[in-house]
Amino acid sequence: MTRFVERHPAWALIVIIVIAVALWLIFAVWPQGLEDAIGRKRVFLNALFNGITLGGLYFLVASGFTLIFGLMRNVNLAHGSLYLFGGYVGYAISASTGSWVLSFIVAFILTALVGVLLQVLVFRRMEGQDLRQTMVTIGLSIVFADLMLWACGGDFYQIQTPNWLIGPVELPLVTAVKSSGEPVYLRYPLVRLVIFAASVVIGVAMWLALNRTRIGMIIRAGVDDRDILAATGVRIQLVFVGVFALGAGLAGIAGVVGGTFQSLSPGEDIRFLLASLVVVIVGGMGSIPGAALGALIIGLAEQLGSVYIPTYAIVVTFLIMVLVLAIRPQGLLARR
Amino acid sequence: MSLAHDARVTVRPTAAVQRSKLRGWPEIDNPAAWTVAAILLIMPLIANGFFLIEIFATTLILGIMALSLMFLAGYGGMVSLMQLTIAGFSAYMVAVFGVSGNANISLGWPWWLAVPMALALATIFGTLGGALAVRTEGIYTIMITLAIGAAFYYFTNQNWAIFNGHTGINTVATPHFWGVNWRADIPFYYIVLAVAALCYFAVDYISRAPFGLALQGVRDNPRRMAALGFNVNAHRVAAYAFASFVAALAGVLQVWNYRQISPGSVSVGACIDILIIAVVGGITRPVGPFIGALIFVLLRTFALDFLVKLGLDGNRFRLLIGLGFLAIVFWSSDGVIGLWQSWRHRQRFGAASSSGRRGQESGRESAQGSSHG
């Protein structure tokens, strides 16, 4: 942190100012002039929270994608299909058993299994051939998309939110002050907050696992140089299978999350593939903190964009990608 | 321009050696090529309107788009998924500047003004996208171009002022001059054939011109080319510019063919279809994309009847395409052309392997393989 400030004092200043303005916008009661200029504070806060929680969902999808890429140099363009598959499995489980938590577990296990099969049956045969692997994942995504369309049809599915998570909660953030001087607090759906908290927990757990455990050490070594790692006697194929299973399973979990607070339908796979592509391009390929930062930026840009400049929301996301590519082609938090 | 200058000075000795081997146009002494050309020319006598437009004209249009991808991927080593997006952009521009049913959007320019405008804008669009994509390398290119394609798709869906949202622009006017309706089946077929032939020979020519040879050098070893004094990025961006122009031509033909353009035509799935066409056909030679396009169009048109006849669900066309694509990627590094060549090689094993052409061909293939590895 201090090194960053020393090396880029101007950037650090800009970041501090942006954070200060954002904090003021969140916590202060907006003066009348500001409300006249850009609308009610409630709208802003809702968009902000939607953006942050959407960022949590994007992080779940993109972290698996970036993990798989970082270790195996495999651009898994079937990642969106794994997301949708997890969502459909979660829907089927929650519709038949009524248990939301169980649907997460089953979706994780089944998508992880698909990931293991893919790695063992397909990608192991063409190790080191980046382009061919990518082509295969494109073919697989087409096949998966059509199989899922066959099995589930073109309908929209939404996973039932469990009773204990339905309804809004009041947050200690003042949106406005009534004429009687009584403050109005922000009300926000509990389920989104819980999901966001869960994705933060998963992110922190992944970071800890990667940086504080032996397995994490092996994976990080593999990201840097997998040939030398294999030469030291680590069973690298086992590590590959494990990482692929974890990445795929995370996509499956994300599918259940997405099915709960949005909906599942054909075409969602492409949408989330695009989201994870942009997130990892912005954040930096193969970096978990990069995926978190990228997901937050893209989620916020999408939601704030759709509130304040509705026609050009997608262009904002795209412009961010262009800007990052122009300034730091390797991504914001990539090491190389 | 330093780019053209460098290419002329440094490549000449190698090009001179190559030229004796390549014998100018390789098609000239190939009887199969002459047969195909003759059949394509007299096609309107053989085929009825449905086959002429729905099969052959569509094949040629998709083939031109895939050709632009083949040029980038085969000679430049850059797999770009945005070629259809560039074609779609040019199609939209024809609809926006020209005459269409949506009078509040279209500017109503005559076609001979609208088409060059569309071509120029689409080429600029593609070149800018390419300039963005060459900032990174290898598989990153796929991701960035896919992101550009997807962003354009969502943008056309959301934007009503220029792109008319998800309904798109309908009843686009087609050219009508010299007393001929150029969208009538037979004239339109010949236009498409002429453009396809032009693009094919242009790509063929450039692949043997100094610029194309330098580009292939950049594909195989960018560092060495940079050390030799070539501007690697300038060559790549120039390749994108040329490929964008080819794709833009296909886009103009496409909007005339369907007389409408909507976000569905520039969807991510359609972008990937172009990649499938190029890879299934083979990305080492310009004829590959056209073969791939023919297979794709035939499958798309007849898979339904065929599957129903076999007692299967007719809607599983994309499954068939996906599985076929997977099979090709698994078993052949060079699509259908590669399969055909290895089959012929096995047929007359030993007898013909000493011929010069074959040796040069396999040399090119091994270079291709090493660049992928």
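In this predicted model, helix α5 of chain A contributes H79(A), L82(A), Y83(A), L84(A), F85(A), G86(A), G87(A), V89(A), G90(A) and Y91(A) to a contact with helix α11 of chain A. The partners in α11(A) are A248(A), A251(A), G252(A), I253(A), A254(A), G255(A), V256(A), G258(A) and G259(A). By class, this contact comprises eleven nonpolar, eight polar and no charged residues. The two helices span residues 79–97 and residues 236–261, and their axes come within 7 Å and cross at roughly 55°. An angle between 35 and 65 degrees counts as oblique, and α5(A) and α11(A) are therefore oblique to each other. Their crossing is right-handed.

**Helix pairs in chain B**

Chain B contains 16 helices and two strands.

| Helix pair | Axis separation | Crossing angle |
|---|---|---|
| α5(A) and α11(A) | within 7 Å | roughly 55° |
| α5(B) and α11(B) | 7 Å | about 50° |
| α4(B) and α13(B) | within 7 Å | roughly 135° |

Helix α5(B) covers residues 83–97. With α11(B) it forms an oblique pair, and the crossing is right-handed. On the α5(B) side the contact is made by Q83(B), I86(B), A87(B), G88(B), F89(B), S90(B), A91(B), V94(B) and A95(B). On the α11(B) side it is made by A243(B), S244(B), A247(B), A248(B), A250(B), G251(B), V252(B), Q254(B) and V255(B). By class, twelve of these residues are nonpolar, six are polar and none is charged.

The pair of α4(B), residues 49–76, and α13(B), residues 287–309, crosses at roughly 135°. That angle makes α4(B) oblique to α13(B), and α4(B) passes α13(B) in a right-handed crossing. From α4(B), the contact involves E54(B), I55(B), T58(B), T59(B), L62(B), G63(B), A66(B), L67(B) and M70(B). From α13(B), it involves G288(B), P289(B), F290(B), G292(B), A293(B), L294(B), F296(B), V297(B) and T301(B). The classes here are eleven nonpolar, six polar and one charged. An α-helix has 3.6 residues a turn, so residues three or four places apart point the same way.

**Two residues of helix α4(B)**

T59(B) lies in α4(B) and belongs to the contact with α13(B). It has 23 C-beta neighbours inside 10 Å and therefore counts as buried. Apart from neighbours within four places in sequence, T59(B) is in contact with F290(B), A293(B), L294(B) and V297(B). The C-alpha atoms of T59(B) and A293(B) are separated by 5.2 Å, although these residues are 234 residues apart along the chain.

G49(B) is also placed in α4(B). With 12 C-beta neighbours inside 10 Å, G49(B) counts as exposed. Its C-alpha atom is 6.1 Å from that of D185(B), a residue 136 residues away in sequence.

Such pairings can be set beside the totals for the chain. Among contacts in chain B between residues at least 6 apart in sequence, 77% join residues at least 24 apart. Buried residues make up 44% of the 373 residues of chain B.

R259(B) is found in the loop between α11(B), residues 232–258, and α12(B). Its phi is near 60°, a positive value in a residue other than glycine. R259(B) counts as partly exposed because it has 16 C-beta neighbours inside 10 Å.

Helix α12(B) runs over residues 268–281, and at 1.5 Å a residue its 14 residues should span 20 Å. The end C-alpha atoms are 20 Å apart, which agrees with that expectation. Twelve of the 14 residues are buried, so α12(B) is largely enclosed by the rest of the structure. Among the buried residues are V268(B), C271(B), I272(B), D273(B), I274(B) and G281(B). The helix is followed by G282(B), whose phi is positive, near 120°.

**Contact between the chains**

The contact between the chains takes 32 residues from chain B and 30 residues from chain A. On the side of chain B that touches chain A, α7 (139–158), α12 and α14 (317–331) each supply at least two residues. The largest share, eleven residues, comes from α7(B). By class, this side of chain B has 22 nonpolar, seven polar and three charged residues.

Notes
Residues numbered from 1 in each chain as written. Chains lettered and ligands numbered in written order. Predicted model: local features only at pLDDT ≥ 70, side-chain atom pairs only at ≥ 80, totals over all residues. Helix = DSSP H or I, 4+ residues; strand = E, 2+ residues; numbered from the N terminus. Expected span 1.5 Å × (residues − 1). Buried ≥ 20, exposed ≤ 12 C-beta atoms within 10 Å, placed from the backbone. Axes fitted to C-alpha atoms, helices over the stretch in contact; angles between N-to-C directions. Parallel < 35°, antiparallel > 145°, perpendicular 65-115°, else oblique. Left-handed = near helix turned anticlockwise from the far one by under 90°. Contact = placed C-beta atoms within 7 Å. Nonpolar A, V, L, I, M, F, W, Y, C, P; charged D, E, K, R; others polar.
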